Amino acid sequence: MIVTGKHISRRTLLRGLGAAVALPVLDAMAPALSKAADVTKKVSPNRMAFVYVPNGIDMRNWTPEALGRTFTLPKILQPLAPVQDDILVLTGLMDHNAMALGDGPGDHARASASFLTGVHPKKTAGSDISVGISVDQVAAQKAGKATRFASLELGCEDGHLAGNCDSGYSCAYVNSISWRTPTVPNPPEVNPRAVFERLFGSDEDGANPAARIRNARLDQSILDAVSDDTRRLEAGLGATDRRKLDEYLTAVREVERQVQMVEKQAAENSLATPNMAKPDGIPLDYAEHAQLMFNLMTLAFQTDLTRISTFMMAREGSTRPYREIGVPEGHHGLSHHRNDPALMDKIAQINTYHMEQFAYFLRKLKNTPDGDGSLLDHTMLVYGSGISDGNRHNHDDLPVLFAGGSRMFRTGRHLRFTESTPVANLYLSMLDAMGVETAQLGDSQGRLNYLSDLT
Amino acid sequence: MTMAGKRLLIGFGIAALASGQTAFEQNVGAIVQRNCSMCHNDKLKTGGLVLTKYHDTAAMLQDRAVWEKVVARLRAGEMPPKGMPRPTPEQIASMTGWIEAQFAEQDKSAKLDPGHLTAHRLNRVEYDNTVRDLLAVRFKPANDFPADDSGYGFDNIGDVLSVSPILTEKYLAAAKKIAAEAIPMGSLPKPTRTRYSPEHQFNDEQLSLEHAFDLPAEADYNFRASVSGRKEAFVIRLELDGEAIETANVIIDPNKPRQYEAQLHVPYGEHVFKAILTSRDPTPEEVAAAQRMAAKEQAQIEKQLAAHPEDAAEIRKQHTLASPPTYIDALEIQGPFHPLPPPLPESYRRIFVCGHAPGHHTNECARLDLAHLAKLAYRRPVTDAEVSKLTKLVAMAQASGLSFEQAMRIGVEAILVSPNFLYRIERDPDPTTVHPVSDYELASRLSYFLWSSMPDEELLRLADEHRLCEPDVLRAQVRRMLQNPKSDALVDNFFGQWLELRNLDSVSPDPDQFPEFNNQLRSAMRTETRMFVSSIIHDDRSILDFIDGKYTFLNEKLAKFYGIPGVKGDQFRRVELTGTQRSGVLTQGSVLTVTSYPTRTSPVLRGKWILENVLNAPPPPPPPGVGSIDAQGGVVHGTMRQQMEKHRANPMCAGCHSRMDPLGFALENYNAIGKWRTEDASLPIDASGVLPNGRKFNGSAELKEILAGDRDAFAECLTEKMMIYALGRGLEPYDRPATKKIVADLAVNDYKFSNLILGIVDSVPFQMGRGDGGESK
């Protein structure tokens, strides 16, 4: 397959190279492209983000009737009206590996674990969790090198609950959608203040670049010592213990990379600064919480602290009630609606409420200028769930929405795919656009067709 | 045994022998053939179980877990199900007895295997407690860490605790913060504003509020309380460490800000600031003001009602929310102003053990201090090479322009992010053999089990002397550790997770249906269960008290909620429960609330909770393709029970639900927040039930009698759960002899709690280890 230059804006391509010839994107091309772009305007990097909603969707009020460009937004999608041209409703996709496949119940855990990995999680409540690397982390391994944070994992619901999480599946599967390796989840941060401090440093870091450079160098030495300690410790340990310590070693290297980047940026006086006040903590109001997190994600993209992010509107199987919109019942319980229309309407209400927050995010990205367009033009977003109907727990006909990324894909349409098209195919196409060509992700069977008029 | 039964058995035995069958077929196979094979054959595989494929003892022992379940279900009378032909009780006794004899035989000849503990990253609680005990820091750094994943119901499972880059970033940030607090740089603290304002629901009663503030220096401070709601007349009293510092009238006035403050010069350290409201008679002016406010509000409501008559209920509700009853909203301290230099913190003394005055340390101190700290932090002796690496870092930091003390911070940071600190790692001198763990490893196993923290100096000293492994010394240490307040960690972490008490913080009962449930009630429920559990630990009571201990700990609020008279005031005290509707943990508000949905009770959740946490017989999850039998929080019609029984008509579900639901029904007299009731949806509550073995009961008291009668099931359940927690790993078949022995010892020691702890500490899996390669699977 010929991969087109959809990871950069078409307009830049035309301006910089004179003609829109379909060229394979190669690493070696990148310097040439950015040089070309410098002449006109700085090339905006491509970003990607994945937003997960739990417990399935009331599909009656999700799937538009008409296909193509002129479709009416059903109730749940209505908050997207102002940005309808920036979305692609992708109907008919499937997350095959969320199905039981002989493992019995546990659809919630499997849905969140497989949604971005395309891999069937190992059924275990304990010692040997294993799924696959998620799409965001595949991208982060390569595209993440350019930024201080390879990726940013956010969420609105903390994961520390007592008891078993879902029918014999470890809580790790429902708490995280991002998997750094098949055995190491990236837990989401739920406190906006902590996210802010992570991105922009805490007060005590000080603003003096010389002090920051010195601190970064000292950190570097500490981390060197830690790596050395870890390697020494590993000698003489068995395989399981070594694997545990390898996790730490890998994580330490990633932090070392961040520290080096801080040092470099401090030296260049190009450390990112926020244009918002530091949040106090987790707001009581759900909408306020979600919007604050989306603001932080916007800021992280805008300041190029990261290009890759995941966001969990709530953990899979969430039992949170949404009283502020008149739903006192827990979300998960309600999702077992037994096709009772009154209960399904309440599910639709929650679904719409979540969508309102996502719509806020899209508008925010659209209103943030970036390069030759808006941040939304350069950000590919996926919004969806690994469960279709919360009552049936089916994993085909998934609610999946693509948004933004209008420089990569042709948005503003409703597409229907043949049954059992893996949702992972979408991710392969997105990875292409990120410049991280990947042959296979989980159960993918190739790229997703019709996303762009360039393919 | 009846004569008929005996004859049957004898006749059966002879017939079997005559046909040359194996011992297995004689003792088990024949009954399986006759009573089990119609469902559990390789075609139907009912419940995923095939029993017809077993033909000899070896095959049975290979699938021991399966056969242990078979024994349990037969003993409980749950199988064969009602309506199917059953073997006689004598036949069942003989068959299960024979099977267990084979298990015992297998255990006797089994190779001793204590299992291996995987390198164990400290979880959040362990991290906080460890830095508290290491450096006496006064904050909880792990509040910023991502949540730990749990396995087997606990969040201290070594295999599950992983490390992500974000956690590593946080470790580095926490290490800096800790080192900065531990080694202060002598600069005077700047004035700041510290506010304490707990989350407030409209129905919370917050007429007093107190909080312990940590003041950074001796200085002048402003102590301020703010009050919300303006409809009633009060007197407010501000107290510091129990002494009144200000008294003022809280006046009914629509405009006046309701803030009250006092200025005071206060010494460094922790101080308890409290504000209390007491009501008083309003003055005539206030009565008039209150009337004017009420009239104005009424006019607003009427205006809104006229515009939107359809939203009447909502409009009234909004107004109630907008003008709540008066409560103390926040406590705030501003300062320090004109501070005196603060004394050196305890942490400073702990780090600089070389004994010089601040500012007069010599470079040799680095080696001495860091060697001392590293030994405590790594919980074992350190090598010269390890210390040299730390001193090199300090020297390098000094070379980059930092003072000695500043540079020592770098050394402390390096210790706190070292894997030797963050992980508990056990060494195997010879990975192929089973061996006792070292004294240091034993010290850490003990301290993280009982304290969720590092070993203290006494434990490390005994390890230095190689005496901790002596049985008498070890037992004395366990008793000492249980009496130490640090053993509250066992209440919060083991019991908090076993009883699912931690979930009490996140439940949110529907305020429309349960207006009584507010944060005060939530916290009273938590305190009740914590104190109840603590009393079992500290008074060394029987673990059976968990099921039907006829006492608890209540304050006035909770006693009223339970309908128990004669308890006055906020203080919790021990209350006898004989003659009440409550006993043990099952009927405590906390457990009843965490096993309910926000809008209603769930007999399924409660039944499942009892099966999992009391009877050690967790139900299998529903088969694939079958929806949840319980509407799970949805709206229901009729009593909960009627709904459930309708669902149970489905034979796919009946098998397990006939075990689960009756247990839950017994608790139907307690609503979704644990309040006693006799009606549900205006229909009388029916709390009777029949267990699959035919035993009948009515209500929670009779159910508890049955549960308490089955002592060994409960003892085994608690032992296994606590063993998982103590080891930080799931249990394997090779752990069975150890847990069985503990249960047997409990039975002959009146089920005293200390026997449970001592039994675990004495056990092979706790005392011994092996390499992680030689797993005997």
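**Reading the A–B contact, a helix pair and a strand**

Student: How many residues of chain A are in contact with chain B?

Tutor: In this predicted model, 67 residues of chain A are in contact with 67 residues of chain B. Contact means C-beta atoms, placed from the backbone, within 7 Å. α8 (239–268) of chain A gives the largest share of chain A's side, eleven residues. That side divides into 29 nonpolar, 23 polar and 15 charged residues. Ala, Val, Leu, Ile, Met, Phe, Trp, Tyr, Cys and Pro count as nonpolar, Asp, Glu, Lys and Arg as charged, and the others, Gly among them, as polar.

Student: What are the labels and limits here?

Tutor: Residues count from 1 along each chain as its sequence is written, and chains are lettered from A, ligands numbered from 1, in written order. Local features need pLDDT of at least 70, side-chain atom pairs 80 or more, while totals for chains, interfaces and linings use all residues. Helices (H or I, at least four residues) and strands (E, at least two) are DSSP runs, numbered from the N terminus.

Student: At what angle do α6(A) and α9(A) pack?

Tutor: About 10°, with axes 10 Å apart. Axes are lines fitted to C-alpha atoms over the stretch in contact, and angles run from 0 to 180 degrees between N-to-C directions. The two helices are therefore roughly parallel (under 35 degrees). A:P192, A:V195, A:F196 and A:L199 meet A:L292, A:M293, A:L296 and A:A300.

Student: Which strands pair with β9(B)?

Tutor: Pairing takes at least two DSSP bridges. β2(B) pairs with β9(B) in the antiparallel sense over five bridges, and B:Y196 partners B:L331.

How values were computed:
Contact = placed C-beta atoms within 7 Å. Parallel < 35°, antiparallel > 145°, perpendicular 65-115°, else oblique.
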